[in-house]
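User: Could you walk me through this structure, please? I am new to it.

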Amino acid sequence: MSKHSKTEAELDAIFQQRIEDEQKIEPKDWMPDTYRKNLIRQMSQHAHSEVIGTQPEGNWITRAPSLRRKAVLLAKVQDESGHGLYLYSATETLGVSRSELIAALQDGSAKYASIFNYPAQTWGDMGAIGWLVDGAAIVNQVSLQRTSYGPYARSMVRICKEESFHQRQGYQVMIELAQGSSKQKCLAQDSLNRFYWPALMMFGPHDSESAHSAKSMKWKIKRETNDYLRQKFIDQTVSQIEFLGLEHPDKNLKWNEERGHYDSSELDWDEFYAVINGNGHCNRQRIQHHIKAHEEGTWVREAMAAYKNKHIKAQHVA
Ligand code: FAQ
């Protein structure tokens, strides 16, 4: 070691000080290997969630009840695919290739958000997904705009703007159904009842059970804990349900004056762990569909690579 080179411990201390000082970490900066690995894990799972998340809604584009609704849903699904692309690109800045990330999704070693393993059975589900799933995603992602890794933080700023349009279009579908015929109101209530609990599970296990939270909070990868964000979502959703004139799915929901928050029922954690470990309703179907689409797209990737090589060769000749 040269006289001036720093030890791992010194580099680590400088890194942690930068985090404390709210400096963004950029791709070429020194970072602990464990920070890099944890970021690759979270960011790639986030990217996978955006892409797999297009499946439940994509399935309804051809069945949207009007041309306007079809155009809105199509735009939303395209946005989600775009979010996946920003996030894969941001993850690649950490020195991992897109094909490695996709392989980990397809072989089941990388997870994606549990919510997308629930089936979208009715048009009401398009309202509930936009309102509750995008709503929960925003609560989480607004805090991630301040995450310590620069490319991740910047991608979150744009993604949050688009997610808020997604949330509004979903809530508008719910308003129309809730104010419609009694059959439409039942449809809205049924979608709320089915999507409310899985939306709460999107925030992950309780803090006491969360394997990564302590490190991620220390490194400011995560800015708020799973339980804090879940509570925020529970609290903000109460008045939205009231406005729709629907019944709250949680019969134990009660305002707690002392805490300044709503108390609510415990979630079904057996269901949560079954879903994240590959045994939800749609896990197999979602991955099979991804593999099929990926294989069918091989010719596009090959054509792009051939086009790129042609240009590189032309530049060498010139
Ligand atoms: N689903 O130690 P923690 C969207 C896993 S975007 C599946 O607490 P962490 C937009 C976790 O990965 C939605 N797995 O983990 C949209 C870990 O497993 P591992 C996605 C989950 O990372 C809308 C293990 O459990 N958003 O919806 C879940 O500190 C509509 C232990 O958990 C993000 O990804 C879950 N719900 O906290 C698109 C946001 N929860 O990796 C289309 C970024 C936990 O050791 C249509 N991610 N696990 O094998 C995060 O904020 C965090 O990663 C958490 C989990 C909060 C999700």
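Analyst: What follows takes up a cavity, a few residues, a pocket and a helix.

User: What should I know before starting?

Analyst: This is a predicted model, in which local features need pLDDT of at least 70 and side-chain atom pairs count only at pLDDT 80 or more, while totals for chains, interfaces and linings use all residues. Residues are numbered from 1 along each chain as its sequence is written, and side-chain values use heavy atoms, with hydrogens and water left out.

User: OK, how many cavities of 30 Å³ or more turn up in the whole structure?

Analyst: The search finds one. A cavity here is a set of points, on a 1 Å grid over the protein atoms alone, where a 1.4 Å probe fits but cannot get out. The largest cavity holds about 30 Å³ of space, a volume being the space filled by probe spheres set on the points.

User: Which residues line the largest cavity?

Analyst: Its lining consists of Ile 19, Glu 22, Gln 23, Lys 24, Arg 146, Ser 148, Lys 220 and Arg 223, where a lining residue has an atom within 4 Å of a point. By class, one is nonpolar, two are polar and five are charged, with Asp, Glu, Lys and Arg counted as charged, Ala, Val, Leu, Ile, Met, Phe, Trp, Tyr, Cys and Pro as nonpolar, and the others, Gly among them, as polar.

User: Where is Glu 22 found, and what is its phi?

Analyst: Glu 22 sits in the loop between helix 1 (8-20) and helix 2 (33-52), helices being DSSP runs of H or I with at least four residues, and strands runs of E with at least two, numbered from the N terminus. Its phi is positive, about 65 degrees, although Glu 22 is not a glycine. Most residues other than glycine have a negative phi.

User: And Lys 220, is that one buried or exposed?

Analyst: Lys 220 counts as buried because its relative accessibility is 15%; buried means under 20% relative accessible area, exposed over 50%, and partly exposed in between (1.4 Å probe, protein chains only). Glu 22, at 42%, counts as partly exposed. Lys 220 has a positive phi as well, near 60 degrees, and is found in the loop between helix 9 (213-218) and helix 10 (226-244).

User: Switching topic, what does the side chain of Asp 134 make a polar contact with?

Analyst: The partner is the side chain of Lys 76, at 2.9 Å. A polar contact is a pair of N or O atoms within 3.5 Å; within protein, one must be able to donate a hydrogen and the other to accept it, and residues adjacent in sequence count only if both atoms are side-chain atoms. Asp 134 belongs to helix 6 (residues 123-144) and counts as buried, at 4% relative accessibility.

User: How much space lies in the second largest pocket?

Analyst: About 660 Å³, and of its 17 lining residues, the closest to its centre are Leu 85, Ile 102, His 290, His 294 and Arg 301. A pocket is an open set of points with protein on both sides within 12 Å along at least five of seven lines. Helix 12 supplies the largest share of this pocket's lining, four residues.

User: Last one: how many residues of helix 13 are buried?

Analyst: Of its 20 residues the number buried is zero, so helix 13 lies largely in the open.
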